[in-house]
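Open the model in your viewer and keep the selection tool at hand.

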Amino acid sequence: MPLKIYRPSFCLWMVLVIGGVALGQTPTPPTGSSSVVGTWEGTLDAGAAKLRLVLHIESLNDGALTGRLDSPDQGATDLPLDSVSLAGGTFRFEMKSLGAMYEGKLASDGDQLTGEFQQGGQAFPLSFKRTGRAATKSVLTLQKLDAGGHSLNILIGGEGSPTVIFEAGFGAGLTSWATVQSNTAKFARTVSYDRAGLGQSEPGPKPRAAKQIAAELHTALQKAAIAPPYVLVGHSFGGIYARVFADMYPKEVAGMVLIDPAQEAFDDWAKTHQEAQRAALNEQIAKAPPGIRDEAVEVNTSYAQARAAKVPAGIPVILLTAMKDDTMPAEVRKVWLQMHEDWITKVPGGKHIPVENSGHFIQAEQPQVVLDAIKQVVDQARRKTP
């Protein structure tokens, strides 16, 4: 099915998951851009599946176009477009993280776009019709922030303390938080980002292990005057990065939500039980973009740093485990669950929630479960704030 909000390419039973995003390119000022400003709706017909799409196009002060895409059937909202243009009656947008683009002709009456959506070497007919509604304003704002000599692509929105910081899985970026971040921004300030070397963030210094990644995020938050306390939300390998951040800055962290997180004990088990799968994983990573390879090289170091990390005393921690993962054999899934249970029982006051009807990307498949966990941790943190 095309247009996925995450794109898992490599996985060791969900310890490592790829799904990066590229945002933030400055669009070229279009000709007659006002003629496409507004909200458009269409249905992508991919044969086996039909997906409703909602396109929001806005005009910036300099006349350039910007836009966002919703995929209601996939539970995705506020997916930023990399570039948007209108020239000679041809409308075009790109979503480079998904390997996707759309090109269509604007009808003479200005009420329909007729063209093709291209992704993964395939083309699908797609027409958009104007709804008559003004483009909705996103609650999130994309910024480039200095992380110590290189910039990070960061999406910020919402108000209120503590600030919720989203740390995506291995190789993943902003898109993996599409719906959850925009909804969390209704009750708290939020930050998601592309790590250095991923998406449209600039490459950072090596080695790309957890402590370096945490330090860069901390620098960017300081540069943006986004003050603590923070609630850290980490998915998959992002859980490793979140835990190391919490250990490095314990007085600044007010809580954590870990979504089907990678766990060093499981990695130890996999090294002795799943050699063939690890070899296949390494072959895939060798073909990945440089930023992903740089993080992959330091996976063992990151696990070691997480093993040595301590959870700040007295903070609420919720761990969500996906229980319906068709890519993970049943016997392996039992080990995955057990490792989660063993870890959370060592966290005073920690809470474990098995999510029965979700795969690894709980934030996409059952976003309300993730939102409820975040709200619970945020509320607990606020009650503790003097």
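## The whole chain

Of the 386 residues in the chain, 56% count as buried. Please keep in mind that this is a predicted model. Colour by secondary structure and you will find 10 helices and 17 strands. Among contacts with a separation of 6 or more, 67% are between residues 24 or more positions apart.

## The eight-stranded sheet

Now bring up the open sheet of eight strands, whose order is E10-E11-E13-E12-E14-E15-E16-E17, with mixed pairing. At its edges are E10 (140–146) and E17, each of which pairs on one side only. Averaged over the sheet and with direction ignored, neighbouring strands are turned by 20 degrees against each other.

Select E10 together with E11 (residues 151–157): the two strands pair in the antiparallel sense, over seven bridges. To see one of the pairings, pick Leu142, whose bridge partner in E11 is Leu155.

Move along to E16, residues 317–322. How many of its residues are buried? Six of six are, and the strand is mostly covered. In a regular strand the side chains alternate between the two faces of the sheet. Show the side chains here: Val317, Leu319 and Thr321 point one way, while Ile318, Leu320 and Ala322 point the other way, and all are buried.

- E15 (residues 253–259) runs parallel to E16 and is joined to it by four bridges. Look for Met256, which stands opposite Val317 in E16.
- E17 (residues 351–355) also runs parallel to E16, with five bridges between them. Here Ala322 has Val355 in E17 as its bridge partner.

Together, E16, H8 and E17 make a right-handed β-α-β unit.

Select H3, residues 238–248. Is this helix largely enclosed or largely open? Nine of its 11 residues are buried, so H3 is largely enclosed by the rest of the structure. The buried residues are Gly238, Gly239, Ile240, Tyr241, Ala242, Arg243, Val244, Phe245 and Ala246.

One thing to look for around H3 is another helix, H7 (residues 299–308): the two pack with their axes 9 Å apart, at an angle of about 45 degrees. H3 and H7 are therefore oblique to each other, and their crossing is left-handed. To view the contact, show Ile240, Tyr241, Arg243 and Val244 in H3, which meet Ser302, Tyr303, Gln305, Ala306 and Arg307 in H7.

## Helix H10, across the strands

Now pick H10, residues 367–384. Which strands does H10 lie across? They are E12, E14, E15, E16 and E17, and the helix runs at about 165 degrees to E15.

## Two cis prolines

Zoom in on the backbone for the next pair of stops. Pro162 is placed in the loop between E11 and E12. The peptide bond leading from Ser161 to Pro162 is cis, with omega near 0 degrees.

Then go to Pro207, in the loop between strand E13 (190–194) and helix H2 (210–223). Lys206 and Pro207 are likewise joined by a cis peptide bond, with omega at about 5 degrees.

Finish with two residues other than glycine that have a positive phi: Ser236, near 55 degrees, and Asp260, near 45 degrees.

Ser236 is found in the loop between E14 and H3. Is Ser236 buried or exposed? Its relative accessibility is 0%, so Ser236 counts as buried.

Asp260 has its place in the loop between E15 and helix H4 (264–273). Asp260 is buried too, with a relative accessible area of 2%.

Note on methods:
Residues are numbered from 1 along each chain as its sequence is written. This is a predicted model: local features need pLDDT of at least 70, side-chain atom pairs count only at pLDDT 80 or more; totals for chains, interfaces and linings use all residues. Side-chain values use heavy atoms; hydrogens and water are left out. Buried means under 20% relative accessible area, exposed over 50%, partly exposed in between (1.4 Å probe, protein chains only). Two strands pair if DSSP finds at least two bridges between them. A crossover is right-handed if, with the strands pointing away from the viewer, the path from the first strand over the helix to the second runs clockwise. Axes are lines fitted to C-alpha atoms, for helices over the stretch in contact, and angles run from 0 to 180 degrees between N-to-C directions. Angles under 35 degrees count as roughly parallel, over 145 as roughly antiparallel, 65 to 115 as roughly perpendicular and the rest as oblique. A crossing is left-handed if the near helix is turned anticlockwise from the far one by less than a right angle, and right-handed if clockwise. Contact means heavy atoms within 4.5 Å.
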